[in-house]
Amino acid sequence: MAHVMTENLSRDALVHSSWWRALWGALLAPWVRIKRDPAEPVSQLKPNTPVIYVIERNGFSDGLILERACREAGLPSPLTAMPGLGRRRRAMFAMRGTGGWFQRRNRDRFALNTIRQMLRTLEADPGSNVQLMPVAIYVGRAPNRQSGWFSVLFSENWAVVGHFRRLLALLLNGRDTIVRFSPPISLSALREESADERIPRLQRKLARVLRAHFRRVRTAVIGPDLSHRRTVMVSVLDAESVRAAITSTAAKENLSAAKAWKRAEHYAREIAADYSPPFVRSVSFLLSNFWNKLYDGITMHHFDGVRAVTPGHEVVYVPCHRSHADYVLMSYQLHMSGVVAPHIAAGVNLNLPVLGPFLRKGGAFFLRRSFKANALYSAVFSEYVSQLVQRGVPLEYFVEGTRSRSGRLLAPRAGMLVITVRAFLRAPRRPVLFQPVYIGYEKLMEGRSYIGELSGQKKEGESWLGILRGLRALRQHYGRVTLNFGEPVLLNPLLDAADPEWRTQAGSEARPEWLPGVIDTLAERIQVEINRAADVNPINLIAVALLAAPRHALAETDLLAQLELMKGILTELPYSDRTTVTPMAPADIIAYAEQMGWIHRIAHPLGDVLAVEGEKAVLLSYFRNNVLHMFAAGAWVACCFIKNRRIARDVVKRLGRAVYPFIQSELFLPWDADGFAARIDALIDALVARGLLATGGDGSVVHLAAGHEDDAYQLRLLAQCLMQAFERYYIAIAALVKNGPHTLSAGQLENVCQLAAQRLSLLYQQSAPEFFDKSLFRGFIQKLRERRVVWADANGKLEFDAVLDDVARDARLILAREVRQSIMKITPDVAGEDVTAGAARAG
């Protein structure tokens, strides 16, 4: 069979290309532009093995598009005669028909008959084989900005359309045609795997597999076939958990059942999205031009892998949260890249008149900031998310819970993760995949408001007045945006590690004891993977280099050398395989930062100076903080040589292990303690190779390279990446030591630390509001408690022992004496003043 099929490949293709097919192909050719996915599908096929294409619908135009796509890709023609397939001998068949009910039923039977004929042929000739290649064809899935508004109405969806509507779709949207080739299925391998099954049963099984495959691909590209919003709400309100919450609320608040049900319905209306594919396509049509005016471009990395794994999974996108633009950028880029836009969890503060309904149609569903005390709202919201998960709707939310005002990843808030995981455990139909995404900007629209909030100003609530005032920001230029897709985090392996028998508990409403541990691990993994996918753009590098200088200014030669050093570290010792670094040379980076208005040049006879001043220095700290984690190991090595000309390599690693848990929790670093020590070793070797450090004898002692003062200056600049963190740590330690054990509670210690850091910043440093960010002190204190360096006594006051003195002593190797003395002097004594009131005034 294989010999006969291969021999007839080219001859029969011409025979079956009838004149009318050629005519229609020529007429439609100017209206159809095909994008293949993958671009070179021929690599998926086994040579010398016949291939039969399986398409989703039996349309004449689909056959023409498939024929052309195969010709352009160098694949065998679908018009090749295939002996053994009955009357219809072409190397293609469809799983369903078009038009009326009768035609669809006939086409479904024809697909089963074709599969049965192929299986019988293989049974008669066991040495033969056939490859079935599923091919999905979508016309006008994402009309571009050259398309008209009318085109949106005829873009691809779930409806079964007739010939006339398909013709209109080709004429209007044919230039946006996607042909997706899936990996082929070997019929001989399938027959061997199912040797005990009879042909009728095997043909039905293969047909189900093919239909399910096309549904998965269509869901990934077009989006799930959602019922009307009202139907989803009915399902939510009819759920057992919601009915129980309604009954409980009615009894607790002495309400009638009807009133309690009305309240639940109000909550459901407040929460539910009203996703509209035509609306999403229309908005994408508008945004194409808008983004081009606002940004120089939007770049995505590592997306092909995401697109490959999304079919068959419940995908939850978990990006970092930098700006309100994150919502729209993610949805727009996913939609334009051939993947359905997700439903997005948005704060109810964005549910403004007019704006709220627009966001709902784009997939936004709204949640309140806190609803622990409202059992009915909690039940309705949890059930709504559960309905979305069960229907295979992709989701997007920010585990940080709010936009980062400092540029760092915030400590995760696990509420949405808990709701998602519990929804899956109730009905584990599709495996859940969490997709971390790093979003990198070169300038932020909200920059100035972030500075004010970190400095203690009250956050302004969202309002139309604020939106109108913010329109002025749209006149500015914001550079490039990068979306890097990190390593996916699969939920099932985490559940297997926590409890191998978790599947036996599926469907239970009980909260497993191991769930908090799984959520903590999941949240940590997501944040680590976001940082592993970081993009280092020119503004990040400029910020790291210039803000390390005492007056935020460097001679051009020094800045060029520092940029070259940082780029060298990132390229010679990549942070991860998902990290991307700007390809610009150091001189081009400086020119670009000048063009963006971040830095200015001061001409001088001895050489130009590049500087950043005033508010721009504070704004740049945001972009420095985006990538601090990538320089943490190098900065630690450099820190060890600020006060020491020579130090044992083992001491550098020992102290690095001691301090690592604290910087790891703050910067979400990917290594364990041994991995960080190995990274330190590699950094020392890299700095030795660059001539910044040197080793003597057996390499166990490392020292500054002799006679290279410029190199020592580069190390001091690099060390500044971590110096603020160490100063914050020492503030907390100084506050504990100065006040003594059994004096401060954890909350009081946070307030003392914030006040001391704020005063230190005013007296000795440039304005740097993230330096006294209370959340950073909270995280450090929590880590001290986790490691039992400090602990709470019976009255809630913190107690500690001599270990804290050891930590303070080690700090002398890093922090200069004047810095330590200043911190001890500034740190307040709780007995001497009302710390809580002072912190309230400062914050």
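Helix 26 (residues 614-626) is mostly covered in this predicted model. Ten of its 13 residues are buried. The buried set runs through Ala617, Val618, Leu619, Leu620, Ser621, Tyr622, Phe623, Arg624, Asn625 and Asn626. Beyond this helix, the briefing covers cores, surface patches, salt bridges and backbone geometry.

**Nonpolar cores**

- The largest nonpolar core has 200 residues.
- Phe365, Phe381, Phe434, Phe631, Trp636 and Phe726 have the most contacts inside this core.
- Helix 30 (residues 709-739) supplies the largest share of the core, with 17 residues.
- Another core, of 25 residues, lies apart from the largest one. Among its members are Phe93, Met95, Ile199 and Leu202.

- Ile680 lies in helix 29 (residues 673-689).
- Ile680 has a relative accessible area of 0%, so it counts as buried.
- Val637 is 43 residues from Ile680 in sequence. In space the two are 6.8 Å apart, C-alpha to C-alpha.

**Surface patches**

- A patch of positive charge gathers Arg201, Arg204, Arg208, Arg211, Arg215 and Arg216 on the surface.
- Arg211, one of these residues, belongs to helix 9 (residues 199-222). Its relative accessible area is 34%, so Arg211 is partly exposed.
- An α-helix has 3.6 residues a turn, so residues three or four places apart point the same way.
- A nonpolar surface patch is formed by Leu23, Trp24, Leu27 and Phe60. Together they have about 370 Å² of accessible area.
- Helix 3 (residues 19-28) gives the most to the nonpolar patch, with three residues.
- Trp24 sits in helix 3. At a relative accessible area of 39%, Trp24 is partly exposed.

**Salt bridges**

- The structure holds 32 salt bridges. Side chains of opposite charge can pair when their charged atoms come close.
- Arg263 and Glu253 meet through their side chains at 2.9 Å, N to O. Arg263 lies in helix 12 (residues 257-271) and Glu253 in helix 11 (residues 240-253), so the bridge ties together parts that are ten residues apart in sequence.
- Both ends of that bridge have intermediate accessibility values. Arg263 is partly exposed at 28%, and Glu253 is partly exposed at 40%.
- Asp274 and Lys361 form a salt bridge at 3.5 Å, N to O. This pair links distant parts of the chain, 87 residues apart. Asp274 is in the loop between helix 12 and helix 13 (277-294), and Lys361 is in helix 16 (residues 355-361).
- Asp274 has a relative accessible area of 26% and is partly exposed. Lys361 is partly exposed too, at 33%.
- Glu750 and Arg778 form a salt bridge, with their closest N and O atoms 3.3 Å apart. Glu750 is in helix 31 (residues 746-764) and Arg778 in helix 32 (residues 774-786). These distant parts of the chain are 28 residues apart.
- Glu750 is buried, with a relative accessible area of 12%.

**Backbone geometry**

- Most residues other than glycine have a negative phi, and most peptide bonds are trans.
- The peptide bond from Asp37 to Pro38 is cis, with omega near 0°. Pro38 is in the loop between strand 1 (34-37) and strand 2 (51-57).
- Asn254 has a positive phi of about 60°, although it is not a glycine. Asn254 lies in the loop between helix 11 and helix 12, and it is exposed, with a relative accessible area of 73%.
- His742 has a positive phi as well, near 65°. His742 is in the loop between helix 30 and helix 31. At 42% relative accessibility, His742 counts as partly exposed.

Notes:
Residues numbered from 1 in each chain as written. Predicted model: local features only at pLDDT ≥ 70, side-chain atom pairs only at ≥ 80, totals over all residues. Heavy atoms only, no water. Core = buried A, V, L, I, M, F, W, Y, C linked by side-chain atoms within 4.5 Å. Buried < 20%, exposed > 50% of the residue type's maximum accessible area, 1.4 Å probe, protein only. Helix = DSSP H or I, 4+ residues; strand = E, 2+ residues; numbered from the N terminus. Patch = residues over 30% accessible without salt bridge, like charges linked within 9 Å, V, L, I, M, F, W, Y side chains within 5 Å. Areas by Shrake-Rupley, 256 points an atom, 1.4 Å probe, with all protein chains shown as cover. Salt bridge = Lys/Arg side-chain N within 4 Å of Asp/Glu carboxyl O. Lys, Arg positive; Asp, Glu negative; His and termini not counted. Charge placed at Lys NZ, Arg CZ, Asp CG, Glu CD.
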